[in-house]
Amino acid sequence: ALTACSRSDSGSSGSMSTSMGGSSSQTGQAGQNAAYRTGLGILTEASDQERAGKIDTIAAAVLLDAEGRVADVMLDEVEISVTGDSTGKVTMPTDNRTKRQKGDDYPLAAVSSLKKGWAEQADAFGNYLTGKTPDEVKKLATDDDGKPKDADLLSTCTIAVDGYRDAVVRACENAKAVGSARGDPAVLGGVSVRNDTKELTADDDHDVTAQVDITVTALTLDADGRVTGAVADVAEPALTVGADGTVSAPEMVKTKVELGDSYGMRGASSLDKEWYEHSEGWCDYLKGKTRTEIAGIPDDGSDADLAALCTISVTELQKAALAAFAEE
């Protein structure tokens with residue numbers, strides 16, 4: 001799972017009135033809260049070179065304030081390598097953790113001129129974007145290697161950021177008002193990665209589809225740790241391996257939300273809903289719930305209130321939501 005947490009230096013902190021009165025100032029505050037938007041951006045690049053292939057998925061979760069500026073951002077990335085040999089045997093990694101989840105196991109700090117690990121540098125980049133408009137983020141200059149040109153940013157982050165920049169822009173474009181409010185601690189970007197590849201040897205009669213399912217959830221919480229807003233999406237990138245071990249990558253990978261009605265679930269849904277609508281139902285169901293309450297949601301469809309909103313499997317969606325709490 002792509003996990004994320006509230007960060008004290010993220011720029012999203014602030015006080016939020018808890019008064020339930022109906023004064024004009026509180027009405028104005030409610031209007032401002034309604035303008036806060038939560039966005040999720042998932043970018044996947046799949047590449048192939050003879051008998052080797054790679055899936056690289058970046059996830060960005062963003063909170064935009066009432067003026068449309070970045071109030072908080074969290075990034076994560078997962079890299080999946082696939083190889084084939086002359087007999088058609090396919091090898092996939094057993095470690096599907098993201099860079100953030102790997103922590104010190106992702107050995108960037110040792111080779112970094114800043115002596116900082118991936119998460120430190122990615123968070124520094126996120127902090128740098130705080131207060132910027134989506135257009136300002138989009139115009140962030142990078143060199144031929146994707147590294148930032150801004151000297152201030154380079155003092156805290158020397159990794160290539162072009163892909164992260166683009167994912168943040170996508171998240172800003174996708175941002176919508178789902179209940180997130182000013183002062184909500186942000187728990188942005190829970191991710192669950194599942195390897196769905198069952199058959200690992202290709203032959204003349206069939207290729208192997210080496211697929212991973214990457215489920216991402218962005219949450220915001222109130223001061224009591226209850227969900228105020230949620231957005232979820234899934235990417236299903238896959239590489240194809242032939243009998244001679246040749247790996248082929250797709251030109252483009254769209255998420256389930258990006259596929260929209262073309263995903264084709266509506267006809268088979270008892271609720272007459274497409275996948276993105278089931279996802280919205282799940283996210284609405286999370287509102288007001290704590291981590292413990294979310295952990296207790298049955299994933300077998302036996303919850304009648306949830307089944308009225310969403311009938312798809314929520315196992316991975318639930319894992320991603322819980323992962324977002326992991327580092328709170």
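**Contacts, sheet and nonpolar cores of the predicted chain**

In the protein chain, residues 24 or more positions apart make up 67% of the contacts with a separation of 6 or more. The model is a predicted one. Its protein chain has 328 residues, 49% of which count as buried, and its secondary structure consists of eleven helices and nine strands. The accessible surface of the chain amounts to about 15,000 Å², with 46% belonging to carbon and sulfur atoms.

An open sheet is formed by four strands in the order E1-E2-E3-E4, with antiparallel pairing. E1 and strand E4 (90-91) each have a single partner strand and stand at the edges, so one side of each lacks a neighbour in the sheet. Between E1 and E2 the antiparallel pairing extends over 13 bridges; Asp48 is placed opposite Gly53 in E2. Helix H6 (residues 162-174) packs on the sheet and touches E1, E2 and E3, its direction making about 140 degrees with that of E1.

The largest nonpolar core contains 28 residues, of which Ile80, Val82, Met92, Ile214 and Val216 touch the most other members. At least two residues of this core are supplied by each of strands E1 (37-49), E2 (52-64), E3 (70-84), E5 (186-195), E6 (208-221), E7 (227-235) and E8 (238-241). E6 provides the largest share, six residues. Leaving aside residues up to four places away in sequence, Val82 touches Arg51, Ala52, Gly53, Val90, Thr91, Met92, Ala210, Leu239, Val241 and Val247. Another core, of 27 residues, lies apart from the largest one and includes Ile58, Ala60, Leu129 and Ile159.

Terms used:
Residues numbered from 1 in each chain as written. Predicted model: local features only at pLDDT ≥ 70, side-chain atom pairs only at ≥ 80, totals over all residues. Heavy atoms only, no water. Core = buried A, V, L, I, M, F, W, Y, C linked by side-chain atoms within 4.5 Å. Buried < 20%, exposed > 50% of the residue type's maximum accessible area, 1.4 Å probe, protein only. Contact = heavy atoms within 4.5 Å. Areas by Shrake-Rupley, 256 points an atom, 1.4 Å probe, with all protein chains shown as cover. Pairing = 2+ DSSP bridges. Axes fitted to C-alpha atoms, helices over the stretch in contact; angles between N-to-C directions.
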